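Have the model open beside you as you read.

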Amino acid sequence: MDDDGTSTTATAAMTATAASVVPSVEAGRSLDLPANLQPPSASNSPSTVSPIKALPGVPDEVVRACHDAIESAAAPFGATSVRVSSAGSIRRLSPDTISAPVEVSIDYVRQGKVETRQAPIKCELNATGGVIGLT
């Protein structure tokens with residue numbers, strides 16, 4: 001975790017944390033990366049980039065679990081870097097499910113240039129801390 005509250009790693013340096021569960025094991029399938037975070041060639045949304053700033057509310061272990069799930073979902077698209085930070089307060093969806101607002105920025109290399117996709121999303125986790133949805 002960086003001093004500014006963001007989590008940043010390159011996809012080649014993925015590490016597991018106690019709070020994260022491999023999505024395909026947890027839910028029996030891979031998680032889908034929201035369209036607004038997919039590379040420009042795979043999405044019609046325009047790319048707007050500004051520095052992401054953490055808003056307090058989402059605990060570091062939840063940010064890390066969301067980061068790892070987003071990184072896994074972005075890897076098939078060729079992501080080179082994933083940054084995730086808290087974007088407000090966690091919301092309880094049910095006794096066993098929470099929704100964590102996070103701000104995400106993903107870098108992709110396209111035609112020798114870095115293109116960045118950035119968007120706020122909701123990261124849903126189950127009672128064991130496993131990520132079960134990205135919206």
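Start with Arg 83 and Asp 107, which form a salt bridge whose closest N and O atoms are 3.0 Å apart. The pair links distant parts of the chain: Arg 83 belongs to strand S2 (residues 79-86) and Asp 107 to strand S4 (residues 97-110), 24 residues apart. Side chains of opposite charge can pair when their charged atoms come close. Here a salt bridge is a side-chain nitrogen of Lys or Arg within 4 Å of a carboxyl oxygen of Asp or Glu, and by this rule the count comes to 1. Both Arg 83 and Asp 107 are buried, where buried means under 20% relative accessible area, exposed over 50%, and partly exposed in between (1.4 Å probe, protein chains only).

A word on where these values come from: this is a predicted model, in which local features need pLDDT of at least 70 and side-chain atom pairs count only at pLDDT 80 or more, while totals for chains, interfaces and linings use all residues. Residues are numbered from 1 along each chain as its sequence is written, and side-chain values use heavy atoms, with hydrogens and water left out.

Now step back to the fold. The protein has 2 helices and 6 strands, taking helices (H or I, at least four residues) and strands (E, at least two) as DSSP runs numbered from the N terminus. Along the sequence they follow the pattern β-α-α-β-β-β-β-β. Of the 135 residues, 42% are buried. Counting contacts (heavy atoms within 4.5 Å) between residues at least 6 apart in sequence, 66% join residues at least 24 apart.

Helix H2 (residues 60-74) deserves a look of its own. Eleven of its 15 residues are buried, so H2 is largely enclosed by the rest of the structure. Among these buried residues are Val 62, His 67, Asp 68, Ile 70 and Glu 71.

That brings us to the largest nonpolar core, which has 27 residues. Such a core is a set of buried Ala, Val, Leu, Ile, Met, Phe, Trp, Tyr and Cys residues joined through side-chain atoms within 4.5 Å. H2, S2, S4, strand S5 (113-126) and strand S6 (131-134) each give two or more residues to this core, and H2 gives the most, with 8 residues. The residues with the most contacts inside the core include Leu 33, Ile 70 and Ile 106.

Finish at Ile 106. Not counting residues up to four places away in sequence, Ile 106 touches residues including Leu 33, Ile 70, Ala 74 and Arg 83. With Arg 83, you are back at the salt bridge to Asp 107.
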